[in-house]
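Reader: I'd like to learn how to read a few features off a model. Could you walk me through some of them?

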Amino acid sequence: GMMIYLYRENQSGQENFDSLDEGVWAVSDKTLGRSWLSPANVEVVDGYLNIRMPANTLAGGELVKKEAVSYGRYESRMKLPLAPSSITGFFLYAPPDYFYEIDIEIHNTREGKLLLTSYADGAVQNEYVGALGFDPTADFHNYRIDYSAERLAFYVDNKLIMAWQEGFPVEQPMQLMVNSWYPSWLAGTAAPTEQVLLVDWIRY
């Protein structure tokens, strides 16, 4: 078994979004929370992944890495949309819901509210809610997940925010995903002007 995981972990890359490589990435077309995640809202412009949240709608978008991943380091450099009652997610997920998931979620507001969550065995196992200490909509920042058999750790701008030793999926292939959307547990107030999640790069 050990060789498999070393091999899988070493399949690393950096996506700089010079284009949208459809061999590597899929664009979601589905409903999530209050949002339709529309392929029309996801495109690469000038070296950035753009996930648009059109004005006066609750629409969003999502990008998914086609090949499943497991243990490794996942990092994204992002500037968030300003769309209160929506969130941006950078996460690992496999169905069914609540069994295999590792999340970084950030409220798309100036306040910089950060949610870190791990799911396993059908339930939330670990949860952290805190403040980033900056406005994530004002500039680009780095958000990172370090995932191994022994430890799950989250970093913002290379600063450790939280680490857990248990309560996360073990050796479970998951999809790496990034999205912006309006969850049903927030108010569902549409932004009056178009907002965009800008992703500079994703490393894995």
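Reader: Let's start with accessibility: is His-141 buried or exposed?

Author: First, some ground rules: this is a predicted model, where local features need pLDDT of at least 70, side-chain atom pairs count only at pLDDT 80 or more, and totals for chains, interfaces and linings use all residues. Residues are numbered from 1 along each chain as its sequence is written, and side-chain values use heavy atoms, with hydrogens and water left out. Now the idea: buried means under 20% relative accessible area, exposed means over 50%, and partly exposed is in between (1.4 Å probe, protein chains only). His-141 has 14% relative accessibility, so it counts as buried.

Reader: Which residues is His-141 in contact with?

Author: Contact means heavy atoms within 4.5 Å. Leaving aside neighbours within four places in sequence, His-141 is in contact with Ser-76, Arg-77, Met-78, Phe-134, Asp-135 and Asp-157. With Asp-157 there's also a side-chain polar contact of 2.7 Å. A polar contact is a pair of N or O atoms within 3.5 Å; within protein, one must be able to donate a hydrogen and the other to accept it, and residues adjacent in sequence count only if both atoms are side-chain atoms.

Reader: And where does His-141 sit in the secondary structure?

Author: Helices (H or I, at least four residues) and strands (E, at least two) are DSSP runs, numbered from the N terminus. His-141 is in strand S13, residues 141-147.

Reader: How do I read a sheet, say the one in the order S2-S7-S16-S9-S10-S11-S12?

Author: Two strands pair if DSSP finds at least two bridges between them. Here seven strands form an open sheet with antiparallel pairing. Strands S2 (25-27) and S12 (123-131) stand at the edges with a single partner strand each, so one side of each has no neighbour in the sheet. Within the sheet, eight bridges join S9 (residues 87-94) to S10 (residues 100-107).

Reader: What stands opposite Glu-101 in S10?

Author: That's Tyr-93. Glu-101 also touches Phe-91, Thr-117 and Met-174, among others, not counting residues up to four places away in sequence.

Reader: Now charges. What's the general idea?

Author: Side chains of opposite charge can pair when their charged atoms come close. A salt bridge is a side-chain nitrogen of Lys or Arg within 4 Å of a carboxyl oxygen of Asp or Glu. A search of the whole structure finds eight of them.

Reader: Is Arg-52 buried or exposed?

Author: Arg-52 counts as buried at 17% relative accessibility. Glu-43 is partly exposed at 34%, and Glu-194 counts as partly exposed at 41%.
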